[in-house]
Every structure is written in structure tokens, then in C-alpha cells.
Amino acid sequence: MNIRTQVGIVGAGPAGLMLALLLAREGIDAVVLESRSRAEIESTIRAGVLEQGTVDLMTELGVGERMRREGAVHSGIELRFGGAGHRIDFTDLTGGRGIMLYPQHEVIKDCVAARLAEGGTILFSVSDVRLDNVVTNQPLIRCLHEGGQVELHCDFIAGCDGFHGVSRASLPEAELRVFSRSYPFGWLGILMQAPPSASELIYAYSERGFALVSTRSPELQRLYIQCDPTDDIANWSDELILDELQARLVTHDGWELLAGPVTQKSILAMRSFVIEPMQYGRLFLAGDAAHIVPPTGAKGLNLAVADVRHLARALAHFYQRQQTDLLEAYSTTCLRRVWRAEHFSWWMTSMLHRFPDDDAFQQRMQRAQLDYTVTSRAAAMSLAENYVGLPFDW
Ligand code: RFL
Ligand code: PHB
């Protein structure tokens, strides 16, 4: 099967789907290729926190209705250490901005439904995806779909296929710089059937390691604890996980975690990663395909959305005025925000986790930083500004 489109998009994650919706608004045709099934992408548990800018964009794109109904607006977070909680008040510190708790797979469902409803093509369960001719004006994507060969001829390719996708590998190594750091710990994440234990997210620093209390719905909690990244999840019984959460979250005023059945658990590794540049010829990378942050700052999905907003704007500029200046600036424009988020995520991670080689001095440094963050208005404002997300055109 031969298909012709203007923009070939590899990957139906938040980056690929939002790009397709943004381009449609500009009258630009795009086809999305996704290696997993629709059911799979609509049920994979990942992010939960949407920045104000992501929320605003979803509303603008007409995919915000269910989010506004079912999502939860949060106007602050708690930093917990030394047996006490300290609130960072986003509304006060950022002039009324906040965040939305709405699961990533619900964002995916809303975007897939909207894209199909507007007549867009998404080919699910494709395999053997290969990118060719990316340095020419006629790039080509080849793949297999339902047993047949597909050739997608396009003007541009958007590589939105995440960290383990194929797009990044199509950039020649000699042209690239890779920046990366892996952390000596991971997160053990669980879903637990219980009403929220707190009205806002709790980021806890304790001698036993980091813990995070988040939520997915009025009946479902999302919780994380720092663990050895090479540990086997089979070593963690539900009781052990809950005991560890209680111990790390303990307060002097007797706060209690509302417990219930654990319905899902897994361990994820943590790393920071950036590739420069994010573009080669007519191939543009966006989202996790180009950069990864540790989840402590809740930035990954939001960065992916910021990338594709720039990409859609640059492509619209190209098709409307035949000018390539915004496309040429794409990588530099995105990387400024990417590095800001890399720093913020690294900083939150460093402040809140126990490192295996930490000595007593290092622990005092972390406590001093936490104490400053919750008592200085300037420091709290910096955290709040980064957490709710800098404006799109920052
Ligand atoms: P995705 O979401 O990985 O989507 C890529 C898509 O491409 C498909 N694919 C291919 N398709 C075609 N051909 C190929 N060869 C392909 N190879 C792969 C994949 O199947 C997939 O559907 O990348 P994208 O769109 O860049 O979005 C990035 C975000 O998903 C990611 O940054 C966030 O999930 C990170 N993240 C968080 N981000 C936030 O902004 N706020 C959060 O609260 C937050 N919490 C998290 C997170 C990530 C987590 N994990 C599991 C890594 C919490 C966790 C636990
Ligand atoms: C989540 O709810 O999954 C979540 C929340 C905040 C984070 C990371 C993940 O920093």
C-alpha cells in the first residue's frame, strides 16, 4: 500500500497524537504510525500531572472536555521531611497557575478519539518501521501493517516514538551529542484501590529514601517509593510496600495512609538524557525520542507537548509562507526548555532521594536545601514556577 501525506508521524504517544491534532488545525495532513495496539496504548499507566500550558492546549484542541470533568485541579504540593509537611502554594506563588491530575492514558484515549473523529489516519500495530531519504525533500517511511508492506511518502517525518523507538537511531551518530545520567535508584510504583490519602501530592524525603503520594481518581491512589533499580518486583510483597510507605511518610501528628488492595506494581529505572540536535534533514524528533527526565519533576509528557507545539508552528509557517526559518530554529528553540526541565528534574531528584554513597554531610546539605525551599518565598516561588510549567513562549 502506498500512502502520500505531508507529515509522517512515528508514534501515537502524547507527542505524536497532539502533533496530528495541531497540524489538522492548520490544514496540514498527517498520518500516524503506532507499533502497539489501540487497546495497549489506551491502558498503559504512565504520567499523571499536566502543566497549566498542557491543560490549556488540550482545551484549545477540543480534547479537554473529559479532563475538565474528571481531572482534579491541584493548587499546591506538600514537601514532607523530618516528620512534618510543608505546603508549596502554587496559586499564591505563581499568580493563580496550577496543575491538573489526569492520567496519561486518558489523554491518549481523548486524543485518539478526536483524531479518528476528524477523519485522521492512525495505523496501529505496525512493525518493522524504517525511515529513509531523511536528508532529501521526499522522506519515506516503510513498515508492515496487517501483513502487507506500507510505504508512506511525506514531506517531513516527526519522530515521536519515545525513548525506545527507531527514529533517534536514524540520525547519524557523528552529527550528534548525547548527554546522559543514570541514577543509582529506581521507583517502585503501585496502584492501590483506596480513596486519596491527601488532597495534594506529597513528595517525602526520609532516611529510608524517597516516597511520593499521588492519585488517579477518587477510588485509586498512585504511590511510589525509591528502590534499587535492579531489584525484582517479586521481592516486594504488598505488605512490605505498604510498611515502607508508612515508614517514609510518618509525621509527628499521626498522619495515616489510607490503604486498600494493590492492583498493579512495577519498578522503573531513572535517567536524564538529551540528544542534540533534535533534527536531521527532514526528520524532527519530539518528546521522549529526544530527551528523558527522571519523573520527580513530572515534566516528561509536558515537555513532549511543548516540542510539538513548536514543531506544528514551524511546519505551518513553512506551508503557509514557504519559509524554513522556524524549522531551522526548531532544535535550538526546544532545547532551551528541555535543559530547564532537565535541571529542574535533576534538582528535585537530588534533593529528595537517598544516594547510596551519601555521607552525613550530604544528608545535611539536602535538609538545608529542603528547609530553605519551604521557608524562603523566593525559593518556594522558583519550585512553583517550574512545577506548574514556564509559559510556552518563555
Ligand atoms: P511515548 O509516550 O513513549 O510514546 C511513544 C509511542 O511510540 C510508539 N513506538 C513506535 N511507534 C511506531 N514505530 C516504532 N518503531 C515505535 N516505537 C515506539 C510507542 O508504542 C508509544 O506509543 O513518548 P512521548 O509521546 O514523547 O511522550 C512522553 C511521555 O509519555 C513521558 O515523558 C511521560 O510518561 C513521563 N512521565 C511523566 N510526565 C509528566 O509530564 N508528568 C508526570 O506526572 C509523569 N509521570 C512519567 C511519569 C513516566 C513514567 N514512566 C513509566 C516512565 C510517571 C512514570 C511512572
Ligand atoms: C504520577 O501521578 O504518576 C506522578 C506524579 C508526580 C510525579 C511523577 C508521577 O512527579
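## Close-up views of a predicted model

View 1. Ala298 sits in the loop that runs between β21 (291-292) and α8. Its backbone is worth a look too: phi of Ala298 is near 55°, a positive value in a residue that isn't glycine.

**View 2. Glu146, an exposed residue with positive phi.** Here we're in the loop between β11 (140-145) and β12 (148-153), where Glu146 is placed. Phi is near 50° for Glu146, again positive in a residue other than glycine. Is Glu146 buried or exposed? Glu146 has a relative accessible area of 74%, so it counts as exposed.

**View 3. A cis peptide bond at Pro277.** The bond to look for runs from Glu276 to Pro277: it is cis, and its omega is near -10°. Pro277 itself belongs to the loop between β18 (262-276) and β19 (279-280).

**View 4. The largest nonpolar core, and another one apart from it.** In soluble globular proteins, nonpolar side chains tend to be buried together. In this model the largest nonpolar core takes in 79 residues, and the ones with the most contacts inside it are Ile9, Met18, Leu19, Leu23, Leu50 and Ile141. Which helix gives this core its largest share? That's α8 (residues 300-321), which puts in 11 residues. Another core, of 33 residues, lies apart from this one, and its members include Leu79, Trp347, Met351 and Tyr387.

**View 5. Zooming in on Leu50.** Leu50 is one of the residues with the most contacts inside the largest core. Setting aside anything up to four places away in sequence, Leu50 touches Val55, Met58, Met67, Ile99, Met100, Tyr102 and Val107, and also Leu301 and Asn302.

View 6. Arg80 is part of β6 (residues 76-81). Once neighbours within four places in sequence are left out, its contacts are Gly85, Ile202, Tyr203, Ala204, Tyr205, Leu249, Thr251 and Trp255. Take Thr251: it is 171 residues from Arg80 in sequence, yet the two C-alpha atoms are 8.4 Å apart in space.

**View 7. Where helix α9 packs on helix α11.** The axes of α9 (residues 325-352) and α11 (residues 377-388) are 11 Å apart, and the helices pack at an angle of about 120°. That makes α9 and α11 oblique to each other, because the range for roughly perpendicular runs from 65 to 115 degrees and roughly antiparallel means over 145. Their crossing is left-handed. From α9, Arg340, Phe344, Trp347 and Met348 meet Leu383, Asn386 and Tyr387 of α11. Sorted by class, this contact has five nonpolar residues, one polar and one charged.

**View 8. Where helix α9 crosses helix α10.** How do the axes of α9 and α10 (residues 360-375) cross, and within what distance do they come? They come within 8 Å and cross at roughly 115°. On the α9 side the contact is made by Trp347, Ser350, Met351 and Leu352, and on the α10 side by Gln366, Gln369, Leu370 and Thr373. This time the classes come out as four nonpolar, four polar and no charged residues. Trp347 shows up in the contact with α11 as well, and both Trp347 and Met351 are among the members of the 33-residue core.

Conventions:
Residues numbered from 1 in each chain as written. Chains lettered and ligands numbered in written order. Predicted model: local features only at pLDDT ≥ 70, side-chain atom pairs only at ≥ 80, totals over all residues. Heavy atoms only, no water. Core = buried A, V, L, I, M, F, W, Y, C linked by side-chain atoms within 4.5 Å. Buried < 20%, exposed > 50% of the residue type's maximum accessible area, 1.4 Å probe, protein only. Helix = DSSP H or I, 4+ residues; strand = E, 2+ residues; numbered from the N terminus. Contact = heavy atoms within 4.5 Å. Axes fitted to C-alpha atoms, helices over the stretch in contact; angles between N-to-C directions. Parallel < 35°, antiparallel > 145°, perpendicular 65-115°, else oblique. Left-handed = near helix turned anticlockwise from the far one by under 90°. Nonpolar A, V, L, I, M, F, W, Y, C, P; charged D, E, K, R; others polar.
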